[in-house]
Amino acid sequence: MVLLILKDIIKYLLMMLAGFLIVKRNILKAEDSRILSVLSVYLILPCAILHSFQMEATSENVQGLLFVFCAAVLNHLLMILLAVFLGRVLNLSGVEKASAVYSNAGNMILPLVLAVFGEEWVLYASANMSVQLIFLWTHGKHLICREQGIDWKKILFKINIDAILAGTLMFLGGIRIPETIKDTMGLVGSMLAPLGMISIGMVMGNVDLRKVLRNQRVYLVSVLRVVVFPLAVLSGIRLSGAAGLMPAAPTLLFICFIAATSAVSTSVMQMSQVYGEDAEYAGQVNILTTLLCLATMPAMAALYEMLFSV
């Protein structure tokens with residue numbers, strides 16, 4: 001399993017390098033990466049989510065879906081509590097707390113789960129991501145813009161939330177998309193990782209990496225995101241004994257865990273831009289965590305495999 005993850009990580013690195021070189025060779029500008037981001041958010045990710053729910057609802061996978069949902073909620077609550085504690089100790093800003101808690105569980109994890117476990121397991125990665133999206137647009141948004149209250153209308157009408165709700169209803173109701181459309185959605189969804197990584201590489205092409213690497217505060221937040229918080233989640237899984245609750249539990253929990261090991265969610269940087277926070281700093285954290293997780297994700301996967309049988 002670790003070798004498969006390492007192989008995919010190398011692919012991600014090469015995709016990022018392609019985006020980086022496209023900008024450095026003046027073929028495209030870094031700002032053009034926004035087009036790829038829009039395509040990913042509004043077309044590719046919804047297709048990947050809907051496609052993942054196109055399977056028969058059995059008692060086993062319905063139970064697995066509920067298990068992942070509960071595990072994801074508990075994992076995020078644990079990370080939020082840890083952010084509150086460390087926020088006081090390390091004087092973390094709202095952007096830094098959000099960066100430590102919320103990972104890039106869409107672009108990196110859905111394709112990774114597909115490659116390592118197969119198409120039928122992407123369903124559970126989508127369930128984990130749906131939990132994060134709800135927390136991100138409630139708690140995460142509050143951290144960054146400090147708004148009181150929750151605008152559920154804005155959350156429920158996010159296209160990826162809509163895709164998850166529609167996919168869940170079709171899954172439970174046994175509604176099947178025509179095969180040709182389903183196959184098309186699968187092909188479109190398969191572009192999620194390439195476009196996401198190329199987009200990040202393009203952004204890096206216009207960033208002074210020396211400035212990023214010289215910022216000690218960026219290292220602190222990045223280590224929290226890709227090392228400290230994943231280890232906290234792993235400790236929670238270990239101490240709770242949840243891996244022994246059902247036969248598929250170790251694999252289902254691994255999907256939740258590996259999502260917690262990835263880079264900062266790009267939504268944190270986007271929210272920082274929208275709400276007038278330090279978007280440049282948020283972008284620096286995003287870049288460094290992306291680079292670091294290319295090494296830390298396989299290491300975390302190996303540690304999980306040592307503790308649990310996957």
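Predicted model: local features only at pLDDT ≥ 70, side-chain atom pairs only at ≥ 80, totals over all residues.

**Stop one: the salt bridge**

Select Glu-96 and Arg-217: their closest N and O atoms are 2.9 Å apart. The two partners come from distant parts of the chain, 121 residues apart, with Glu-96 in helix α4 (residues 94-101) and Arg-217 in helix α12 (residues 216-240). Helices here are DSSP runs (H or I, at least four residues), numbered from the N terminus. Glu-96 has a relative accessible area of 6%, so it is buried, while Arg-217 counts as partly exposed at 30%. The cut-offs: buried is under 20% relative accessible area, exposed is over 50%, and partly exposed is in between (1.4 Å probe, protein chains only).

**Stop two: helix α5**

Now pick residues 109-117, which make up helix α5. Why is this helix largely enclosed by the rest of the structure? Because 7 of its 9 residues are buried. Color them to see for yourself: Ile-109, Leu-110, Pro-111, Leu-112, Val-113, Val-116 and Phe-117. Among the parts that cover them are α1 (2-24), α6 (122-145) and α15 (279-307). Step just past the end of α5 and you reach Gly-118, with a positive phi of about 110°.

**Stop three: the aromatic rings**

Show the side chains of Phe-117, Trp-121, Tyr-124, Phe-254, Phe-257, Tyr-304 and Phe-308, which form one aromatic cluster. Rings of Phe, Tyr and Trp (its six-membered ring) pair if their centres lie within 6.5 Å; planes under 30 degrees apart count as stacked, over 60 as edge-to-face and the rest as tilted. By that rule there are 7 aromatic pairs. One of them is Phe-53 with Phe-171, edge-to-face, at 6.4 Å centre to centre and 70° between the planes. This pair joins distant parts of the chain: Phe-53 sits in the loop between α2 and α3 (59-90), Phe-171 in helix α8 (residues 159-173), 118 residues apart. Both Phe-53 and Phe-171 are buried. Next, zoom in on Trp-121 and Tyr-124, a tilted pair with 5.5 Å centre to centre and 55° between the planes. Tyr-124 is buried at 8% relative accessible area.

Select Ser-33, found in helix α2. Is Ser-33 buried or exposed? Its relative accessible area is 7%, so it is buried. Leaving aside neighbours within four places in sequence, Ser-33 is in contact (heavy atoms within 4.5 Å) with Ser-199, Met-202 and Val-203. Ser-33 and Val-203 are 170 residues apart in sequence, yet 6.9 Å apart in space, C-alpha to C-alpha.

Then try Leu-39, also placed in helix α2. Leu-39 counts as partly exposed, at 35% relative accessibility. Not counting residues up to four places away in sequence, Leu-39 touches Ile-44 and Leu-195.

Conventions: Residues numbered from 1 in each chain as written. Heavy atoms only, no water. Helix = DSSP H or I, 4+ residues; strand = E, 2+ residues; numbered from the N terminus. Salt bridge = Lys/Arg side-chain N within 4 Å of Asp/Glu carboxyl O.
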